[in-house]
Number of protein chains: 2
Amino acid sequence: MKGNSDKKKDDDQAAVERIRKSRITHVDVLDLARLVIEGNRAALSRAITLIESQHPEDQKNSALLMRSVLPHSGKSFRVGITGVPGAGKSTFIEAFGTYLTGQNRKVAVLTVDPSSESGKGSILGDKTRMELLSANPDAYIRPSPGSGNLGGVARKTRETIFLCEAAGFDTILIETIGVGQSETAVHSMSDFFILITIAGAGDELQGIKRGIMEFADLVLVNKADGENIQRAKLARQEIARALHFFREQQSGWTAVAEVCSALESTGITEAWNVMLTFQERSLGSGWFTQNRNNQTKWWLNETLKDELSQAFFLNPKIQKMLPGLEEQLLKLEISNTEAAKKLIGIFRISE
Amino acid sequence: MKGNSDKKKDDDQAAVERIRKSRITHVDVLDLARLVIEGNRAALSRAITLIESQHPEDQKNSALLMRSVLPHSGKSFRVGITGVPGAGKSTFIEAFGTYLTGQNRKVAVLTVDPSSESGKGSILGDKTRMELLSANPDAYIRPSPGSGNLGGVARKTRETIFLCEAAGFDTILIETIGVGQSETAVHSMSDFFILITIAGAGDELQGIKRGIMEFADLVLVNKADGENIQRAKLARQEIARALHFFREQQSGWTAVAEVCSALESTGITEAWNVMLTFQERSLGSGWFTQNRNNQTKWWLNETLKDELSQAFFLNPKIQKMLPGLEEQLLKLEISNTEAAKKLIGIFRISE
């Protein structure tokens, strides 16, 4: 005779099988939420796929899923990571993630890449980029949602953070891809922000990243190994000096510069200690919570803009009116602003 | 006794004085439009200030102004110009603009700089940056509209193009400031797009500009002077080879790489000849008009998104409801998407 625990296992297995189906029903969602909260990894992956779906029915179910999962989220340390090209960001995440699991942390690695062509391609890419970490039972790697506008991709990544937290991941690493695009979005969902650089990245390159330097909490000079150690240390000094010229951050934290070698796994403990110090201080000062609240408001704003424009452009009356007004515009009979005001008036009183 | 022409001059002078007032009336706008079309420079400057104004009354008058001016616009060659940091973009515009006025062209130089703190500061900045050109009677330099979001700044620059064209400027140079931000916007209002670079700008820097290289019609390797000539020529060759790897542009044009020295004003004629060839071909193939039509549609889309979000966030009911929903969000009682859908429903049925 089977015991209660065996019975539950069988039931869960059946539920997991059911929710693997291509479309999820309303009833499945409650099962899915429960399994995510219990830390079931297959359920977590399925839940993320659900929130990434553009299908209207899936979007309704996503809302229910998020509502069920939200009260269990929020209890992690969220670390945003960006890097100058060639600084070895992937290698760093591999070394850092592995270190964290050694500290009994459960680590989720998420990526924001608006140029990503397809989720599936990226999964393979990420598994190759982070071979050790992807085989680690305490780590969960999820590539960027499929291509789309940056806002949409980033919003889904933010909801993925909540799902991972509900599933018990206590450290979330959020990686940016590309230069100068996704940093603001990732910064707006992180508690702590790291910029990875290298010695001799070049003045001009540093200039490009200056905007990012201004909101980094930690600048790590990577590749401090072999003959490169001295140069890396000099670069660190220079950056540390430069950081003093930036205005103080709202958090009251002064950005720190350190060296590390992701290849030799040196400097990782020191970097993590910096993060723990930040976390302790910002929890103490109230900044940690205040920052998360600011982020919640910022994202509401972004969501509103996205949803508004979606509702507008998919509105049948607008779709019917648009071509005629475009004609008038092309004939220079009407200005952009005038055409826009006309259409918005129609949108607001239509069904 | 005064002649008719003297009478008109006096009337115009009086009209110009009147429209210099801080706020313009509905009647003034028709005068203003006429004076702009007649090529009155003080009127042009006033008209641009009017369209840049955020005041609701000014915005109504701007719509009337643009409607009166639009049929007289469109008849110029619009050249977008971007550059890698340190490539000497300002010096190039100075040399190129001066050359063009020597070819009996009337040149307007506009700038898109979303980070510009104040219009007034920039005017001084631009006059210093382009000393010769700003004293040239056939050139008109107008700095970026005051700070704001990129979309808003760029839309106003696009309307400024129309105003300058109506005022008789037949060549419009639109300059980007900053890296990787305003290029798409400027490209979307240009007939022809130039990327200025230098020898040894570095692989990584080139990588950053790769996205821009893909839509450049002409890549100019600047600073081909003194001991640097040979290096510039080599860089040109390399870029020319690289350009072959990009997919063919929609226009059917294959991007060209040339060297120039803005300092010594060499290579400017050659660059201009490339532009004239492009213009002739694209007028012949129909691409010129098709591209402008595509741009008009693209900008309508941008305008719609901006106006929509403005109407939404300034709506009194939304402003009243927002704080309560933010509270619910902070307590994790509701998701972003749910809150957004609720507010959008209210917006659409409210006055």
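In which helix of chain A do A:F92 and A:F96 both lie? Both lie in α5 (residues 89–102), four residues apart, about one turn of the helix. The model is predicted, so local features need pLDDT of at least 70 and side-chain atom pairs count only at pLDDT 80 or more, while totals for chains, interfaces and linings use all residues. Residues are numbered from 1 along each chain as its sequence is written, chains are lettered from A in the order in which they are written, and side-chain values use heavy atoms, without hydrogens and water.

**Aromatic rings**
- Over all chains there are 24 aromatic pairs (Phe, Tyr or six-membered Trp rings with centres within 6.5 Å).
- The A:F92 and A:F96 rings have centres 5.3 Å apart and planes at 20 degrees, so this pair is stacked (planes under 30 degrees apart).
- A:F92 is buried at 0% relative accessibility, and A:F96 is also buried at 0% (buried means under 20% relative accessible area, 1.4 Å probe, protein chains only).
- Ring pairs join A:F77, A:F92, A:F96, A:F192, A:W253, A:W272 and A:F278 in a cluster.

**Chain A against chain B**
- In chain A, 53 residues are in contact with 52 residues of chain B (heavy atoms within 4.5 Å).
- Four salt bridges are counted between chain A and chain B (a side-chain nitrogen of Lys or Arg within 4 Å of a carboxyl oxygen of Asp or Glu).
- B:K341 forms a salt bridge with A:E307, with the closest N and O atoms 2.9 Å apart.

How values were computed: Phe/Tyr/Trp six-rings, centres within 6.5 Å; stacked < 30°, edge-to-face > 60°. Helix = DSSP H or I, 4+ residues; strand = E, 2+ residues; numbered from the N terminus. Buried < 20%, exposed > 50% of the residue type's maximum accessible area, 1.4 Å probe, protein only.
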